[in-house]
Amino acid sequence: MKYDLNDHMVMVANCIPVKGYSRSIIYDLYRETFDFIPNDLYDILSKYNKRELTTVFGDTPKEFHHVLDEYFDFLLEKEYVLLTNRPDELACFPDLNLEWDAPATITNAIIDIRQPLFDQKDYSRFLKDLNDLGCTHLQVRFFPGYNHNMALRLFEFLNDLDMLCEVVIPYDTARPPGYYINLYQHYQKIHSITVFDFHQELDFFKKEDYRPFSQHVHFTSEAVTDQSHCGIISPAYFSVNIPMFTESLQFNSCLNRKVAVDQFGNIKNCPSLTKSYGQINSSSLKDIVKSDVFKECWTISKDKISICRMCEFRYMCTDCRAFVSDATDKPLKCRYNPITCEWT
Ligand code: SF4
Ligand code: SF4
């Protein structure tokens, strides 16, 4: 035993236990990692935080004390708890502030583009409004049929705005793969490019000149033909950090402060949702985002979604409100069962 029973156990503020139906998780929001724990350890951490170890052991039948020893060895080794023999110091360990806010009316946006149905000036005006609303993260998804010159003009326009752009674009077999790396290098506001429908060997990333760009320019053989490819829930997309955790506690982890334009120019919460609030060439984005009805989905947190509300991943997992028949159904593309703890 590495501790004195008169010590007080203090949960480290950025290490937060979250209970699921069958198991719990300690989210380490500073190190951006997590560990599974049994639900009875979650109950101990919730009930005895900042209390003496002697109380925990006193409330637990003797035959289970060896289990408590194992739990505390684990918690101390992982630095999830610390021990103090100074009860007067307990006030020095305040809880983490779990409020979330952002200095922007809109924080992120998606624009889908296929046929050039609208003028460049319509997209430019929309982007300018987005910028005024404080948006810093834009995803532009080009689908087969898009006009490449118009895409270049759009990238040019972004140079004068404050947002970074993630580009999803089909591979054009008439161009060498290096063309897309040059695009990334040329336009300062492009943060990453995903080139889909690419069916060649990727050996050019072995070349010294190209290697530094492999973090920002991705090639995939997947064909992204429309917006229906979005919404996949996978551990590969989980994020354990303070912004994600605090936003997910109160808000929808995909749609909060998001605006989208679908391939037909409809302004929506997400390109895959059916409700349109106007068209890019004739509606005021600034008026749309003020309306209560547009903001309704922002507050559908994971705790309001059936199944998800009993899932231990619920504050690290991005949500998806498209493809569901009821606004509070579990995302259709999630294959996790929090009761059996299995992915199918
Ligand atoms: S709600 Fe679903 S489909 Fe829409 S942007 Fe979010 S993840 Fe994609
Ligand atoms: S059940 Fe819900 S919270 Fe859990 S992994 Fe699936 S979508 Fe995420």
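This note covers the ligand shell and the aromatic contacts of a predicted model.

1. Basis. Local features need pLDDT of at least 70 and side-chain atom pairs 80 or more, while totals for chains, interfaces and linings use all residues; side-chain values use heavy atoms, without hydrogens and water. Residues are numbered from 1 along each chain as its sequence is written, with chains lettered from A and ligands numbered from 1 in written order.

2. Ligand 1. The residues around ligand 1 (a heavy atom within 4 Å) include Cys230, Cys254, Cys270 and Cys320. Asp319 and Arg321 are also among them. By class, the shell has eight nonpolar, two polar and two charged residues. Here Ala, Val, Leu, Ile, Met, Phe, Trp, Tyr, Cys and Pro count as nonpolar, Asp, Glu, Lys and Arg as charged, and the others as polar.

3. Aromatic pairs. The structure holds 25. Rings of Phe, Tyr and Trp (its six-membered ring) pair if their centres lie within 6.5 Å; planes under 30 degrees apart are stacked, over 60 edge-to-face, the rest tilted. Phe34 and Phe36 are edge-to-face, because their centres are 5.5 Å apart and their planes at 85 degrees.

4. A tilted pair. Phe238 and Phe313 have 4.9 Å between centres and 40 degrees between planes. Both sit in loops, so the pair ties together parts 75 residues apart in sequence.

5. Cluster and charge. Phe34, Phe36, Phe238, Phe313, Tyr336 and Trp343 form one aromatic cluster. The charged end of Arg23 sits over the ring of Phe36, 3.8 Å from its centre. The cut-offs are NZ of Lys or CZ of Arg within 6 Å of the ring centre and within 35 degrees of the ring normal.

Notes: Helix = DSSP H or I, 4+ residues; strand = E, 2+ residues; numbered from the N terminus.
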